[in-house]
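Trainee: I would like to learn how to read a structural model with some care. Could you take me through this one feature by feature?

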Amino acid sequence: MVWLAIMVLVSNIEAARALEDTLLTTLVASYVESYGGSASTRRGKAVDLNHLRDFFGPSATIGDLTHSSIQEFLDFRTDTGDAPATVKRRLATVKHFCRTI
């Protein structure tokens, strides 16, 4: 049983390394396209992640997403006038995106 857990962990790490150089734009498009929620939720997630993608730029990869860089994104959104609830929703979207990919 322990070996199975270790194998799953190792395969997840290997999968994460394989994605590390994937463009953020590609992953955002794939995530939004495959999201199974309602159309309005899908549009909202697309808006949130497009803000993230625009913040990091067109050549950003998933490897560029770190705790501190996401915090910088959230600080930037707050500084540009997003309401606290909007910033929290954007964070929730980013968390789900990162868990899903």
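Trainee: Which residues touch the most other members of the largest nonpolar core?

Mentor: In soluble globular proteins, nonpolar side chains tend to be buried together. A nonpolar core here is a set of buried Ala, Val, Leu, Ile, Met, Phe, Trp, Tyr and Cys residues joined through side-chain atoms within 4.5 Å, where buried means under 20% relative accessible area, exposed over 50% and partly exposed in between, with a 1.4 Å probe and protein chains only. In this structure the largest such core has 18 residues, and Leu24, Leu49, Leu52, Leu65 and Phe97 touch the most other members. The elements giving two or more residues to this core are α2, α3, α4 and α5, and its largest share, five residues, comes from α2.

Trainee: Before we go on, what kind of model is this?

Mentor: This is a predicted model, in which local features need pLDDT of at least 70 and side-chain atom pairs count only at pLDDT 80 or more, while totals for chains, interfaces and linings use all residues. Residues are numbered from 1 along each chain as its sequence is written, and side-chain values use heavy atoms, with hydrogens and water left out. The pLDDT is the predictor's confidence in each residue, from 0 to 100; its mean over the protein chain is 86, and 82% of the residues reach 70 or more. Over residues 1–10 the pLDDT is below 50, and beyond near neighbours in sequence this stretch has zero contacts in the model, a contact being heavy atoms within 4.5 Å.

Trainee: How many helices and strands does the protein chain have?

Mentor: Helices (H or I, at least four residues) and strands (E, at least two) are taken as DSSP runs and numbered from the N terminus. The protein chain has five helices and zero strands, which read along the sequence as α-α-α-α-α. Of its 101 residues, 27% count as buried, and among contacts with a separation of 6 or more, 62% join residues 24 or more positions apart.

Trainee: Which residues of α5 are buried, and which are exposed on the other side?

Mentor: An α-helix has 3.6 residues a turn, so residues three or four places apart point the same way. Helix α5, residues 84–100, has 17 residues and reaches 24 Å from its first C-alpha to its last, close to the 24 Å expected at 1.5 Å a residue; the expected span is 1.5 Å times one less than the number of residues. Val87, Arg90, Thr93, Val94 and Phe97 are buried in α5. They cover an arc of only 120° around the axis, which puts them on the same side of α5, the arc being that of the directions from the helix axis to the C-beta atoms. Pro84, Ala85, Lys88 and Arg99 are exposed on the other side of α5.

Trainee: What do the buried residues of α5 pack against?

Mentor: They pack against α2 (24–34), α3 (39–56) and α4 (67–79). Take Thr93 as a case: this residue of α5 is buried, with a relative accessible area of 3%, and, leaving aside its neighbours within four places in sequence, Thr93 is in contact with Tyr31, Lys45, Asp48 and Leu49. Lys45, Asp48 and Leu49 are among the buried residues of α3, and the buried residues of α3 pack in turn against α2, α4 and α5. Just after α3, Gly57 takes a positive phi of about 95°.

Trainee: Where does Thr61 lie, and is it buried or exposed?

Mentor: Thr61 lies in the loop between α3 and α4 and is buried, with a relative accessible area of 16%. Not counting residues up to four places away in sequence, Thr61 touches Glu20, Asp21, Thr22, Leu23 and Leu24. Asp21, in the loop between α1 (2–19) and α2, is exposed, with a relative accessible area of 65%.

Trainee: How many residues apart in sequence are Asp21 and Ile62, and how far apart in space?

Mentor: Asp21 and Ile62 are 41 residues apart in sequence and 6.5 Å apart in space, C-alpha to C-alpha. Ile62, which lies in the loop between α3 and α4, counts as buried at 12% relative accessibility. Leaving out residues up to four places away in sequence, Ile62 touches several residues, including Leu24, Phe97 and Ile101.
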